[in-house]
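Trainee: I would like to learn how to read the features of a structure. Please take them one at a time.

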Amino acid sequence: MDVRVINEMVQQQSAFVDNLSAEVGKVIVGQKPMVDRILIGLLTGGHVLLEGVPGLAKTLTVKTLADALSMKFSRVQFTPDLLPADVTGTVIYNQSRSEFIAKKGPIFANLVLADEINRAPAKVQSALLEAMQERQVTIGDTTHMLPDPFLVMATQNPIEQEGTYALPEAQLDRFMLMVKVGYPSKEDERTIMDRMTTGLAVKASPVATPEQISHARSVINQIYIDEKIRDYIINLVQATRDPKAYGMADMADYIEYGASPRASIYLNMAARAHAFLRRRGYVTPEDIKAIGADVLRHRVILTYEAEAEEITSEQVVRKLFDHVEVP
């Protein structure tokens, strides 16, 4: 399809994004990169992990988006004593009908917020794996499909905090994006303080529908991505596995495992969604750079040597983007 035609389709289908951003902005001050990344997750069906210290409006942002999109929202507070059945649901015996029936858990919603996901042990975190990958949940011996769109947004406090369990690599890999949420600027914090101390609750009104998200997804799948940019994505992901081949011999001792093929798939999808939010029907290398760290930072597993030298995956990913040739 001609790029101009795709451009026109993008212009039409992305009109609702401005209304959505404005509505979310009535409740959330600043944090535009976080809102953008959550929208990219929604527009591609990719799950999002938000990491930041408590009190940065992570939970409020997800709830506000659900209100603005008139989607079913559910929040699961992860705690050390949470059980897998508390998330997915369980089978209960109905005495009057003498049969077992499935009682669905909070995972059956469009937007599921797994709050402080790293406070629950691995067996509960693993209960989310099937839901996140296959978009279905097995309760007893029956498999139930999850609603569409379905998106898990998990928040976690930085791992160093008390009473947390590191997420297993298999689960981290299922998150399309890992977004680091920072502190607001001085001006934004002043606005937040003034707004939150008036005693008036501000709530987002519905300005878009799940159907609009579905239409946008079909357009995003058609956004043009050049051969050279596809090669650039593959080179970035390959460089995490074999840094020596890309002139980064010093990094070889620091990377235990590189990114999986999911990384290249998600980089492609996220870059298209990023272009869509910028009203473009084609992907540029800048889209890859803008979204790259969020897709790769949790997929590069470091060695003990890297940890001993206090080298972070963030630094490794930044070095990849400096060394891999841009088309």
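**A buried helix, a core and a helix pair**

Mentor: Begin with helix α4 (residues 58-68), which is largely enclosed by the rest of the structure because 8 of its 11 residues are buried. Buried means under 20% relative accessible area, exposed means over 50%, and partly exposed lies in between (1.4 Å probe, protein chains only). Helices (H or I, at least four residues) and strands (E, at least two) are DSSP runs, numbered from the N terminus. This is a predicted model, where local features need pLDDT of at least 70, side-chain atom pairs count only at pLDDT 80 or more, and totals for chains, interfaces and linings use all residues. Residues are numbered from 1 along each chain as its sequence is written, and side-chain values use heavy atoms, with hydrogens and water left out.

Trainee: Which residues of α4 are buried, and what covers them?

Mentor: The buried residues are Lys58, Thr61, Val62, Thr64, Leu65, Ala66, Asp67 and Ala68. Their cover includes the helices α2 (15-27) and α3 (32-44), together with β1 (47-51), β2 (73-77), β5 (111-115) and β8 (151-156).

Trainee: Is Thr61 buried or exposed?

Mentor: Thr61 has 0% relative accessibility, so it counts as buried. Contact means heavy atoms within 4.5 Å. Not counting residues up to four places away in sequence, Thr61 touches Ile28, Met34, Val35 and Ile38.

Trainee: How should I read a nonpolar core?

Mentor: In soluble globular proteins, nonpolar side chains tend to be buried together. A nonpolar core is a set of buried Ala, Val, Leu, Ile, Met, Phe, Trp, Tyr and Cys residues joined through side-chain atoms within 4.5 Å. Here the largest one has 74 residues, and Leu43, Leu177, Phe276 and Ile288 touch the most other members. Helix α11 (residues 261-277) gives this core its largest share, 9 residues. Another core, of 26 residues, lies apart from it and has Val112, Ala131, Met132 and Leu167 among its members.

Trainee: What does Phe276 contact, leaving aside its neighbours within four places in sequence?

Mentor: Phe276 is in contact with Val10, Gln13, Ser14, Val17, Leu43, Ala216, Val219, Ile220 and Ile223.

Trainee: How is a pair of helices described?

Mentor: Two packed helices are described by the angle between their axes and the distance between the axes. Axes are lines fitted to C-alpha atoms, for helices over the stretch in contact, and angles run from 0 to 180 degrees between N-to-C directions. For α11 and helix α12 (residues 285-296), the angle is about 135° and the axes are 9 Å apart. The two helices are therefore oblique to each other. Angles under 35 degrees count as roughly parallel, over 145 as roughly antiparallel, 65 to 115 as roughly perpendicular and the rest as oblique.

Trainee: Which residues of α11 and α12 make the contact?

Mentor: From α11 come Ala263, Tyr266, Leu267, Ala270, Ala271, His274 and Ala275, and from α12 come Asp287, Ile288, Ala290, Ile291, Gly292, Val295 and Leu296.

Trainee: What should I look for in the backbone?

Mentor: Most residues other than glycine have a negative phi, and most peptide bonds are trans. Arg135, in the loop between α6 (122-134) and β6 (136-139), has a positive phi near 55°. Arg279, in the loop between α11 and α12, has a positive phi near 65°. Asp148 and Pro149 are joined by a cis peptide bond, with omega about -5°. Pro149 is in the loop between β7 and β8.
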